[in-house]
Structures are given as structure tokens and as C-alpha cells.
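Good morning, and thank you for joining.

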Amino acid sequence: MSGDSDCTRTSPSAGSPSDNEFLPDRPKYVCTLSPDLITKAREELQEKPEWRLRDVQALRDMVCKDYPSLGTCLDDAFLLRFLRARKFDYDRALQLLVNYHTCRRSWPEVFNNLKPSAIKPVLESGFVTVLPRLDPEGRHVVCIRPDRWTPSNYPITENIRAIYLTLEKLIQSEETQVNGIVILADYKGVSLSKASHFGPFVAKKVIGILQDGFPIRIKAVNIINEPRIFKGIFAIIKPFLKEKIANRFFLHGCDLSSLHQNIPPVILPEEYGGTSGKLDISAWNELLLASEEDFLHDFSQLLLPCDSSPHDMLVSGDADEKQCDDSLRGMKPQLYYCY
């Protein structure tokens, strides 16, 4: 992503044609979707190729009119992510874009100095990776393994940073924008002490990003090897989930055959009863680390202003944190009971 974020120079006014000479040069959008995916985008996302650039310009105009100081990238390809994530509903795409920036601003522990080299220990631990093969629907499978995290080594926010960068890398692909992703979370060995780090405050932040603050379509969340403690974890998460997302959670326990009904063995590693060899995290780690300069450039386009109005904020700060702390105190007995 690149481009000038100054809305005063983004779209022509109703004045003379000479106004166009003041517009910044933006990368020209070139569609990379296959004919089949173009058809899928039309049917599922209401994306009409003949109207695509008109829709992008409409969103750009709305940003410049309603949020002139948002400090966002306004390139066609970048804005298109948000339109696709909200099925070309202008208002919902605009809100998603605002939320995207609000999330980045409201959680400095996660978003300050966000780059692949900064989360190298998380990548090397194997906490998060992406399987090398796509599923039959053309979706990447993001594999998360909380048992690989040692809380004494670094805080839970480092794991969230790694997941966020993984999603940022994946969403660069137009195929992913259309097809979405699948999550495979292996909760083997997750103890009560480790689960306690994922309280309501963190849960609300993470769910807020995934549901309302990031332009990606999460089509399924497959949970495997979940211990009894997961009942407590899910009790924390569920109140923040929209019904559509909650219905996309599949709890398989230790039943690999159940998992294989959602993710075929041919793309799974041996650790999950698959036939694609041992789980190899090196390829994804190398790809992400090699994208360091791209991330530094891209994120430099996303500078938020110093001031924001309350209605822009997805999380309202101290009040929400206090509310979540109160919720955590109420949830702890349930965690102990489930354990």
C-alpha cells in the first residue's frame, strides 16, 4: 500500500478541469483475480468489475468528507480491501476503515514498533504460522498454538502482534480478500495460569479487531485439543462475538476425524492427522521477515492524528478497561471451576 493520505488532494472538486493536476499520482489498480474469483466476488461480495473503481472513489470521497484527518492510505487497492470485507456497503466499509485506525491507535502495546523483526521470538516459537497449502475453497489456514508460548518470556501482547502481522500479510492477496481465511487453534497443554492472561480486557480488544477493525473474512475457527479450561476461555470470548462469528466456531476436542470434516487431511501436517509432512514454520517465518521493509513503508502511510472525537473510538479507554477488569473478577471463579 502506498499513497498520499492528504484528503485535500485526493479527489477532484467541482471546479475547473485544471484541478486534476493537483491530484497525487496513485498506483494504478490492476485486478489479479481469476475469472472464477471475479464471479465469486460478484455473487458473494456484490463486487461488479465495471463499477469497482467508481465504488472505490465513492469510499475515498466519504473519507475525505467525513474524516479528513484520518491519516489513511487512499490507494485503490487499499480501500478495496474494506469494500470487499463489507460487501461494497459504503457506510459499513467506511466504519471498518475508521475502526481499523482506531484499533491501531488505542492499543500502543500492540501497535508501536510493529514489524516482523520485533516479534521474531514469537515466530521462532511456532505460536502462529500459516499452512503452506490452501483448503479446497482457496483459503489460507492460520495455525495458532498457545502451548508454544511461555508467559515468562514475553507478554501476551507479543502473540497478538504476531497474529496481526500475519493477517496483514495475508490480506495483501486479492484472493484472500475474496475467499477469506480459516483458523486452526490447537489448545493442547493450555493451563489455567496461561489462560488467565487472556482476560476480558484482552479478549474484547482482540475480538474488536477481528470482527470490526480488520478487513478480513474469517470463515471458520477450528478448535482442537481444547482442555476443560477452554469452557472458561470461551465464556470470556463469547459475549463479544457476533452471532455469525460465534456460529463459525467448531470445537473438535481430540477427534481428528471431526477436524478433517472441515479441513481435509491432504493440507494438514502429520501432527493433525494430515498427509503433508511435519509442520514446518520456517517458510512462513522467512516470508514474513523478508517483508520488513514493505511493512515499514505501508505502516508509515497509516499515521493517526493526535486528536480524535469520542464517536470515532472503538474502545473508549479507561471506562472500558474498568468494566473489563470487573468482568475478569467475575470470570475467574468460572475458570477455576472449569479447570
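In which sense, left-handed or right-handed, does H4 pass H10? The crossing of H4 over H10 is left-handed; the term applies if the near helix is turned anticlockwise from the far one by less than a right angle, and right-handed applies if clockwise.

A word on provenance. This is a predicted model, in which local features need pLDDT of at least 70 and side-chain atom pairs count only at pLDDT 80 or more, while totals for chains, interfaces and linings use all residues. Residues are numbered from 1 along each chain as its sequence is written, and side-chain values use heavy atoms, with hydrogens and water left out.

Helices here are DSSP runs (H or I, at least four residues), numbered from the N terminus. Two packed helices are described by the angle between their axes and the distance between the axes. The axes are lines fitted to C-alpha atoms, for helices over the stretch in contact, and the angles run from 0 to 180 degrees between N-to-C directions.

Let me begin with H4, residues 90-106, and H10, residues 200-212: their axes come within 9 Å and cross at roughly 155 degrees. H4 is therefore roughly antiparallel to H10, the label for angles over 145 degrees; under 35 counts as roughly parallel, 65 to 115 as roughly perpendicular and the rest as oblique. On the H4 side the contact (heavy atoms within 4.5 Å) involves Leu96, Asn99, Cys103 and Ser106, and H10 supplies Lys205, Gly208, Ile209 and Asp212.

The second pair joins H4 to H2, residues 52-66. Here the axes come within 10 Å and cross at roughly 55 degrees, which means that H2 is oblique to H4. H2 passes H4 in a right-handed crossing. H2 contributes residues including Arg54, Ala58 and Met62, while the H4 residues include Tyr90, Leu94 and Leu97.

Cys103 brings us to the cysteines. Cysteine 103 is buried, with a relative accessible area of 7%, and cysteine 143 is buried too, at 0%. Buried means under 20% relative accessible area, exposed over 50% and partly exposed in between, with a 1.4 Å probe and protein chains only. The disulfide count is 0, taking a disulfide as a pair of cysteine sulfur atoms within 2.5 Å.

Finally, threonine 157 lies in helix H7, residues 156-170. Threonine 157 is buried at 15%, and beyond its neighbours within four places in sequence it contacts Trp107, Glu109 and Val110.

Key. Helices (H or I, at least four residues) and strands (E, at least two) are DSSP runs, numbered from the N terminus.
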